[in-house]
Amino acid sequence: MLFKMMDAPDRFRFYSKYMTYFGYVTMIMILGLSLFSLEIIKVITVDRSYWESYKIIPIICMAIYFGMLKDTSLLGLQIAKNSKVISGVIMIITLLNVALNFLLTPVLGMYGAALSSLVAQIFFFIVIYKIAQRNYPIPYEIRKVITLFILGAILVMFSYLPNEWSPALRILIKSVIFIGFPFLLYFFRFYEEIELIRLKELFIKWKNPFKWLENFEQYLKNNP
């Protein structure tokens, strides 16, 4: 899909929005997985020795977020057919990740391993982004991408609510945070006017669960 847009007049806006909304969907998934990581782990395993692993899930998820941004930024180098740079950077980042693991894991244990991955992916994204922009500049909405990360990281902190709290209270608070995330982005000027209009139309169309099947059938009919 991305390469089919290479010669399209609106390709730069398309590529820019691709990163923004890929990040948007990824962060929603990260937020859901991170907030409810403790509850999920308790459901899938009764072995208490695994329960503490919920604490590193948000860190690993954030590493995945920057990995997604890195993969998206690679597009510019792929279009410019600069594969030598890609392989060179991958080798450097791999060595950095290994070095960080040697330094942090003995001191911080599983947290060190997770942090090593996060730092490496952040560095990987920055380097690839800078190089790709020199080869094939794309006006990515970096402010929005960083806003997603900062707001997501702040809200993910609520995944560490005290384990002593009742499950019902924890789940209630986390659910409110998860549902409120897209609305909070409005106050950070994340959405364009046209996007707000489309979201309103989408809400009106899909707000009635009894019409979901009808709407889905209509969608398939219009998009064979």
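Modeller: Let's begin with Lys-144, whose charged end sits over the ring of Phe-190, 5.6 Å from the ring centre. A charge sits over a ring if NZ of Lys or CZ of Arg is within 6 Å of the ring centre and within 35 degrees of the ring normal.

A word on what you are looking at: this is a predicted model, where local features need pLDDT of at least 70 and side-chain atom pairs count only at pLDDT 80 or more, while totals for chains, interfaces and linings use all residues. Residues are numbered from 1 along each chain as its sequence is written, and side-chain values use heavy atoms, with hydrogens and water left out.

Lys-144 turns up again in the surroundings of Lys-17. Lys-17 is found in helix H1, where helices (H or I, at least four residues) and strands (E, at least two) are DSSP runs numbered from the N terminus. With a relative accessibility of 12%, Lys-17 counts as buried; buried means under 20% relative accessible area, exposed over 50%, and partly exposed in between (1.4 Å probe, protein chains only). What does Lys-17 contact, apart from its neighbours within four places in sequence? Its partners are Phe-22, Glu-141, Lys-144, Glu-192 and Glu-195, with contact meaning heavy atoms within 4.5 Å.

Arg-189 is exposed, at a relative accessible area of 62%, and belongs to the loop between H7 and helix H8 (193–206). Although Arg-189 is not a glycine, its phi is positive, at about 55 degrees.

Now for the rings. The whole structure holds 16 aromatic pairs. One of them joins Tyr-54 and Tyr-160, which are tilted, with 6.4 Å centre to centre and 40 degrees between the planes. Tyr-54 sits in the loop between helix H2 (37–44) and helix H3 (57–79) and Tyr-160 in the loop between helix H6 (142–156) and helix H7 (167–184), so this pair ties together parts 106 residues apart in sequence. Rings of Phe, Tyr and Trp (its six-membered ring) pair if their centres lie within 6.5 Å; planes under 30 degrees apart count as stacked, over 60 as edge-to-face and the rest as tilted.

Is Tyr-54 buried or exposed? Tyr-54 is buried, at 7% relative accessible area, whereas Tyr-160 is partly exposed, at 31%. Tyr-129 and Tyr-140 form a tilted pair because their planes stand at 45 degrees, with ring centres 6.2 Å apart. This pair links distant parts of the chain, 11 residues apart: Tyr-129 is in helix H5 (residues 110–135) and Tyr-140 in the loop between H5 and H6. Both Tyr-129 and Tyr-140 are buried. They belong to one aromatic cluster together with Tyr-65, Phe-66, Phe-125 and Phe-149.

H2 also deserves a visit. Its buried residues are Ser-37, Leu-38, Glu-39 and Ile-41, and their cover includes helix H1 (11–35), H3 and H7.

Finally, step back to the chain as a whole. The chain has 9 helices and 0 strands. Buried residues account for 38% of its 224 residues. Among contacts between residues at least 6 apart in sequence, 75% join residues at least 24 apart.
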